[in-house]
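Subject: A structure to look through

Dear colleague,

I am passing on a structure that I would like you to open alongside this message. Please look it over before you read my notes.

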Amino acid sequence: MNEDFYELLGVSRDASAEDIKRAYRKAARKLHPDVNPSEDAADQMKKVSQAYETLSNPEKRRMYDMGGGTGGFGGFGGFGGGGASFDFSDIFDMFTGGQGRAQGPIPRQRRGNDILRRVAVSLDDIVFGSEAEVDFRTAVACTRCSGSCCEPGTSPSRCSTCSGTGHVQRVTQSLLGQMVQMAPCSVCHGHGDVIENPCTECSGHGRVQQKRTITVTIPSGLENGTRIQLRGEGEVGEAAGPSGDLFVEIAIEDHDTFHRDGTNLIARITVSMVAAALGTTITLPTFDGDKEVQIRPGTQPGEIITLDGLGITQFRSDKRGDIHLDVDVEIPTKLSREQQDLLRQFADARDEPDVAEAPRNAANEPRTAGRKSRFSKLRDRLRDL
């Protein structure tokens, strides 16, 4: 009975050509005669090869999916059988790392590495956007040889060992007989040419180490830890190859007054209990200059006062967040005899009990352990609005 080619390769019927090729190579690694010499493995390899030969060909696969004939399982092409044919180089590459066939000289140029640098910025920089200078040491193109790696007036010479191909033949023995493998030339290291007079400035690398300073634009609204990518500003590659990229990671410094919550700013202001009861005006330094803040009469502890549009400018937008002020009413801890008498008179006028006679209870004890910070609680309240 004919076996299902898709099941043999372990792929679905809508598998891509790349999935089929990958599955075939995986199976071939297990069933190849050099790895598994058993008769069952050889027979299974024939079937897998036939399945791959059919499914890797778009026309044959179409006919197979329509129920057309495939000729059955033939012999294992290349191992004494007539039926299925397949690309022997696919299997060969699996055991040689793709070095089985000459691929031409290896270019000396290669892309440079990426660079990561961290830059500390103030909250002010994030509110409106700013610029920052980044200093770093990296590889730059050698000005003496302009990346040729040779002393000025000289040039690389053709490698006599590999005749400029960058590869040499290496004969090995296997179960299949002699096999010819192409390996990188050990004299020119696969480049096909030899630098007999390397540049004295860069020692034949085409690049040197140098300190650089880059000005980076810091957009408004960035989050802490954001990385800005500057393409082509990283390390220059060997032989003045293409440069890598520079990544600048933003580290936002803490602010003395404001805490950030997205595009909003949170601050805590303290007023006396008299000012909270009677109302007052305070001056608040903001990123837009000093602003007058009205404290209305009867303001309660924990009340939120919002200053619209004075927060952080959104990323890639002109819209700004707000400033939220958490009002903390300061209760005096030490009172003179005269002040105590005045407060008692005030309490009598309001028909309030004499608080001095009230028993001390645990609720008045200071508690700090296990409590959220004031700004954490404020942030939670704001998000519930």
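Here is what was found in it.

This is a predicted model, in which local features need pLDDT of at least 70 and side-chain atom pairs count only at pLDDT 80 or more, while totals for chains, interfaces and linings use all residues. Residues are numbered from 1 along each chain as its sequence is written, and side-chain values use heavy atoms, with hydrogens and water left out.

The average pLDDT (the predictor's confidence in each residue, from 0 to 100) is 82 for the protein, and 79% of the residues score at least 70. Over residues 69-102 the pLDDT falls below 50, although this stretch has 67 contacts in the model beyond near neighbours in sequence, a contact being heavy atoms within 4.5 Å.

Leaving aside neighbours within four places in sequence, Leu325 is in contact with several residues, among them Ala267, Ile269 and Leu284.

Turning to the strands (DSSP runs of E, at least two residues, numbered from the N terminus), β11 (residues 264-272) and β15 (residues 323-330) run parallel and are joined by eight bridges, with His324 in β15 as the bridge partner of Ile266.

Best wishes

Key: Two strands pair if DSSP finds at least two bridges between them. Helices (H or I, at least four residues) and strands (E, at least two) are DSSP runs, numbered from the N terminus.
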